[in-house]
Amino acid sequence: MISSSERHLELWHFDHCAGCETGKMRQADNHQTVAILLAAGSGSRYSGHEHKLLAQLDGRPLWRHALDNVLLAGALEVIVVTGAATLDELTTLVDADHRLHQVQNDHWQSGQASSLLTGVKRAREMGADAAVVGLADQPGISQEAWSLVSASTSDLAVADYGDRRGHPVRIARRFWDELPSNGDIGAREVLSRHASIVEPIPCKGSPDDIDTVKDLQRWLRRSPTNSP
């Protein structure tokens with residue numbers, strides 16, 4: 001009996017390319033799904049001395065945990081939407097990895113919706129058919145979760161962590177025009193409006209985000225093999 005996770009992973013395979021030291025995952029069909037990582041918000045609830053995305057977690061800034069998991073999942077193209085925080089290291093990473101694209105949301109103060117639309121605009125320009133969206137303040141979104149949701153053939157899909165659903169979410173191009181233009185709702189309205197066709201993808205990991213110093217401290221106290 002093939003599990004749901006195994007069925008979705010079968011849609012991906014490794015493709016060795018000239019000049020690559022390791023294989024790159026790619027989708028089995030010709031339709032391009034891009035990843036969008038939202039890293040533009042103000043992080044206003046975080047009372048630390050720096051922006052929360054720059055806070056250190058296990059020797060790396062918070063945003064790197066999210067980005068590294070996206071890249072390890074084998075995403076063909078990754079769009080990182082930046083805004084309030086300056087992610088100095090990202091420029092170097094973009095120069096070194098052709099899959100990475102940085103876009104600046106100059107209207108990040110208006111809420112998450114504007115950041116999502118900024119990422120979707122770049123995805124349109126790239127000719128993508130679907131986008132898989134995640135947040136840079138969620139270090140517990142696993143490589144597997146990104147892979148499984150990306151591999152879905154459904155127009156709308158969401159990671160299912162058993163007790164709740166969360167990022168990443170997959171949104172086909174035909175629904176991009178329904179995304180809100182302001183506020184912090186993001187894709188929730190679209191998923192709710194079309195709930196009957198949203199595919200839940202069983203995933204391991206944690207959709208918890210780090211909004212406060214207390215959230216970060218809880219992560220630092222966790223077991224080395226588990227999220228809070």
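Begin by selecting strand β3, which is mostly covered: seven of its seven residues are buried, where buried means under 20% relative accessible area, exposed over 50% and partly exposed in between, computed with a 1.4 Å probe on protein chains only. Helices (H or I, at least four residues) and strands (E, at least two) are DSSP runs, numbered from the N terminus. The model is predicted, so local features require pLDDT of at least 70 and side-chain atom pairs pLDDT 80 or more, whereas totals for chains, interfaces and linings use all residues. Residues are numbered from 1 along each chain as its sequence is written, and side-chain values use heavy atoms, with hydrogens and water left out.

**The whole chain**

Among the contacts with a separation of 6 or more, 65% are accounted for by residues 24 or more positions apart; a contact means heavy atoms within 4.5 Å.

**The sheet**

Next, select the seven strands of the open sheet, in the order β7-β6-β3-β8-β10-β9-β11, with mixed pairing. Two strands pair if DSSP finds at least two bridges between them. At the edges stand β7 (100-104) and β11 (198-202), each with a single partner strand, so one side of each is left without a neighbour in the sheet. On average, neighbouring strands are turned by 25° against each other, direction ignored.

Return to β3 (residues 33-39) and show its side chains. In a regular strand the side chains alternate between the two faces of the sheet. Here Thr-33, Ala-35, Leu-37 and Ala-39 point one way, Val-34, Ile-36 and Leu-38 point the other way, and all are buried.

On the β6 side, the bridge partner of Leu-38 is Val-81.

**Strand β6**

Select β6 (78-82). Five bridges join β3 to β6, and the two run parallel; Ala-39 stands opposite Thr-82 in β6. With β7, β6 pairs in the parallel sense over five bridges, and Ile-79 stands opposite His-101 in β7.

Strand β6 is mostly covered, as five of its five residues are buried. Val-78, Val-80 and Thr-82 point one way from the strand, and Ile-79 and Val-81 the other way.

From Thr-82, move to Trp-108: their C-alpha atoms, 26 residues apart along the chain, are separated by 8.3 Å. Trp-108 lies in the loop between β7 and α4 (112-125). At 24% relative accessibility, Trp-108 counts as partly exposed.

**Helix α2 on the sheet**

Now select α2, which packs on the sheet and touches β3, β6, β7 and β8; its direction makes about 165° with that of β6. Axes are lines fitted to C-alpha atoms, for helices over the stretch in contact, and angles run from 0 to 180 degrees between N-to-C directions.

Ten of the eleven residues of α2 are buried, so the helix is largely enclosed by the rest of the structure. The buried residues include Leu-62, His-65, Ala-66 and Val-70. Following α2 is Gly-74, whose phi is positive, near 90°.

**Helix α2 against helix α3**

To view the contact, select Trp-63, Arg-64 and Leu-67 of α2 with Glu-89, Leu-90 and Leu-93 of α3. These residues divide into four nonpolar, no polar and two charged. In this classification, Ala, Val, Leu, Ile, Met, Phe, Trp, Tyr, Cys and Pro count as nonpolar, Asp, Glu, Lys and Arg as charged, and the others, Gly among them, as polar.
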